[in-house]
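Hi,

Here is the structure I promised to pass on. Have a look at it first, and my notes on its aromatic side chains follow below.

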Amino acid sequence: MKLLIIDDDIIARNALRESIGPVEGWEIVEAEDGQEALDRLCDGLRADLVIVDLNMPRMGGLELIQRLRRDLHLRGLKVVVSSSARDRDTIVELAKLKISGYLLKPYDAGRTQALLQPLMPPASDARTRIRNLLSPT
Amino acid sequence: MPIELESRLDLLILAQGAVIGLWTTASFGLARHGASKSALWFGWAGAAWLLVGFSQILLLNHILPMLLEPLLMLSLAISFNLLLEGSRRALREDRGWMIPVTVHALPPLFYLFWMVYHGAPSLAGLWILGGGFVGAVATVALWCRRSQVRGYEARLAALGLGGYMLTRSIGALDGQWQAQATLAGAGLLLPLAIRSWSKYQRVHAAAFPSAPRRPWQWGATSPFVLVATVVVLGWLAAEWRAARSEHRRRDEIALRAQLAAAAVPNSLLQQLEGTFVDAEKPAYHQLKKLMSDLRAANPDLRFVLLSKWHEGEVRFLVDSEPAGSPDYSPPGDVYSEAPLDYAQAMREARSFVLGPITDRWGTWIIASAPIGHGVNPAHMEFNVAAHDWAGQVRLARLPSLLVTVCVLGMLMTTQQARDRVRLALLHLRTAKDSAETANRAKSEFLAVMSHEIRTPLGAVIGLLELLRHDPPLEERKRYATLARGSAESLLSILDDILDSSKVESGKLSLEEIPFVVRPELGRVLGAMGIRAREKHLYLHARWATDLPRALRGDPTRLKQVLTNLLNNAIKFTSRGGITVTIGGAPRDDGHWELDIQVSDTGVGIPAEVLPKIFGRFEQADASTTRQFGGTGLGLSIVHGLLQQMGGRISCTSTPGQGSTFHVHLPLPAAGPEEAPDPTEEESPEFVRSLTPLRILCAEDDEVHREYLGATLRLLGHQVAFAHDGPHALERLAAERFDVVLMDQRMPGMDGLQTVRTLRGGGISGADTQLYVIGLTANVTAQDRRDCLAAGMNDFLPKPARPHELQVALERFYRHFGRHSPGAGNEPTAEELWEMSAPPIHEAALTAPSPELAGLFVRETGHRLQLLQEAHARADLPAVAEVAHRIKGTCKCVGEVELGRLASELESLAHAGTDGPLPSHLARLQDEFVRSGQRLAALASPTRNAPS
């Protein structure tokens, strides 16, 4: 499972990592702005979830999401927005873009995990099942 | 005889120069025709030698020695290096031996050593060291010349050149052999001159296939005959002038001797006895003084003396030498070396001029006149050194010699100039011919083309006319099908013309994308297989087993190449069939040399037409067009496409049995992950039952609108229309659509701009993420990029066939349907608003980990520094920006106070009030120190607590 964190601030990225905590089977990838993220996604990075900040140099979060939604192959990506502010118009716009959640900074580990857990595909399920089959019962 | 040769050194140099001149001219000629890269250097070496020879002739006559001597040495040294360069290039050209360019340092080093060793520069050193070394290299180079014809000529020329260098070295070492060496040199260089000239003539004849066949009109030997004639004539003229001048000088010196004889007092002469006792007599001393005075007054005389015929031998009476001189002869001394004619003339007491005569003192021209009569007859004798005498004679030869040199030079340069003019004329004629041919071909092409276009167009018009008369239903359908077929062929003709002009103007842009070889080319084979079966032909494909799965390149253009070749093959084959072989071989640089071979059993191509088939507007002949149709552009497009892709095509054919086209195209190999297998969405079969869509069709052309509307409705969709960009945006704002078909070119606001406006969110009520398919007439890679960059999701070429439209809508379904975000359980705006509410208790945040705290302290410290710097620069926007960044992260580690201070600083900087800034900065700094301590304290217990 791959999670792409997009934020231009290194502290914010690390804080988010920390609030997600170590989850088995999750891999966290980082990008510094929307353009870099888009480039990497177009180059074949297969992310399952994208967490994106709104204010970034080069390409902001809103534009990135718009471009993802327009792309035939990337438009299905699940997107969570993280921002330190909230504003009604932006949220209405984001809802139109069908984002999956909104994380307000500073990150609260409990809220973050509660939001992300249901979004990530239950990959570990299959693995657990196989493990159960193998173990003597 | 040797003395004769030596006195004619200037003429010998002239002869040698003539040979070198021939070689030089031939070399320059070869260079001009581009026959060999070394020829130019040999030509310049020859020219340097000519300069050497010319300086030598002038120096022989003591003209400008201060200038010419260094010039001679210099040009000789340069000539060696030029010859060396020529040999170096010849060896590289013929044998591939790479001699480093540093070899040019060797000859100068040799001279330097010689100079240091001998203490002075010398011609001998130049010749022996430089000439020896370079001569050896040049001999090897000429010996190794790869000559297809007359190899012995090259060998002989090589030996001649080597021999020449050797003899000239010997001549330079010992001045006594110089004349012989020069003569031998001229002979030795002759094979080289002959060989170069004959090679030049061959090249020249090849360059000018039309008459005149030779650089000089008559005979292969003409230059040699002409040059030899000029040299001989010049020689004769020089000899004649020299003989005349010598004759005059002999007369003059004889006269001078007679005058001097008349001036000698007879009384003094009578007192001499002709023995050694004379030395005591005053008369002897008086006469001796007279002789000395005469000698002093005539500087061209070496000796002035009185002699006498006495008892069958010649005795000296008085000479002009002082007593101490080594050349002094005492009175009565016998002149034992006197030759016969000299003695004879003395006995007969007559005046004479003889010489050159060699005696114990040297070689002389002797003028003698009798003095006194009767009792004691004597002779007055003038001796001129033969060397000076020869010098004077040579000087008399010089004008004729120079004239000869001028004539030779003019001959050579005229020849060069004529050659150059002829070459230019040839180029002009070729250019004119090809321009005329192209023009003719273009007119023919236009004629063919208008016919080609008229035929289907006439059919379409005629069939439409028939349809207007409302025929029965069956007929109607048939007419429509026929008209459609004609229109399709019209479109393909126009595509061909467009492609051809793009290829010609180089405006074709090629893609380089990974593609899977077999399915892509297989699709062409499948489609063409149907056409072949219609004509009852077979179409076999052989695939090499080692063909890579994927390559990088332009699959569309590659398919076009194969389609065109197969089209041709099917068109010109009536029985049998076509075999396609697709294979190739890997190259070292990671490229795959793709190899496609298309063989048919068709009519074949006559050999004389074969070289022309890839040209534009060329068909085997006009009747081909009549019989088989077509524009004749297919192969020229194929050729142009391949050329642009870095490949090539060739063709072999036997008329009546068939032709084989061979395509070579190096393409970089693509990794397996790069090129995905073509998915079924691109395959021809598609699902028919689509959910009806609401489609907005923005198109300015009414006919097209009508057509698109009918087609889309036929496919089961609802269609609305907009006639331009603003109208489309208006409708999008008012209604809900699933897909927009957008023409790229519309008056006013074009498609791209309309999409940009839509995506930009400037139209309230319109869905900014609507699926937009562009319609464009030009499907270049650039157009495609433009469409996608403007925000279109897909695009179609115009006119879009029903099938293509359906496939495009299918794409919309597959991707948009499957990948649409979520399954409708995305939070609404209200839910998002709730979700983003700040927590009620800020303190509920968990403490940061030591790593995060450390990172925070490090980063924030760095940012504070940036803040100070920005403040020092009074750069308020930068202060605001950095403060904003600090503020944003403070909350992440729970440093609320620090965040508040940073926020205040940001608003101060924004407001532009820098008065309270310094104090604020200081507070921020203090708070940061406290934060650091707090975070450190926080970190240690949390780290220890869990254990």
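**Aromatic rings in chain B**

B:Y342 and B:F352 are both buried. Please keep in mind that this is a predicted model.

How are the rings of B:Y342 and B:F352 arranged? Their centres are 5.3 Å apart and their planes stand at 90°, so the pair is edge-to-face. B:Y342 belongs to helix α12 (residues 340-347) of chain B, while B:F352 is in strand β3 (residues 352-359) of chain B, so this pair ties together parts that are ten residues apart in sequence.

B:Y342 has another ring partner, B:Y335. That pair is edge-to-face too, with 5.6 Å from centre to centre and 80° between the planes. Is B:Y335 buried or exposed? Its relative accessible area is 4%, and since buried means under 20%, B:Y335 is buried. B:Y342 also counts as buried, because its relative accessibility is 0%.

Over all chains, the structure holds 16 aromatic pairs. Elsewhere in chain B, ring pairs join B:W23, B:F42, B:W49, B:F80, B:W127 and B:Y164 into a cluster.

Terms used:
Residues are numbered from 1 along each chain as its sequence is written. Chains are lettered from A and ligands numbered from 1 in the order in which they are written. This is a predicted model: local features need pLDDT of at least 70, side-chain atom pairs count only at pLDDT 80 or more; totals for chains, interfaces and linings use all residues. Side-chain values use heavy atoms; hydrogens and water are left out. Rings of Phe, Tyr and Trp (its six-membered ring) pair if their centres lie within 6.5 Å; planes under 30 degrees apart count as stacked, over 60 as edge-to-face and the rest as tilted. Buried means under 20% relative accessible area, exposed over 50%, partly exposed in between (1.4 Å probe, protein chains only). Helices (H or I, at least four residues) and strands (E, at least two) are DSSP runs, numbered from the N terminus.
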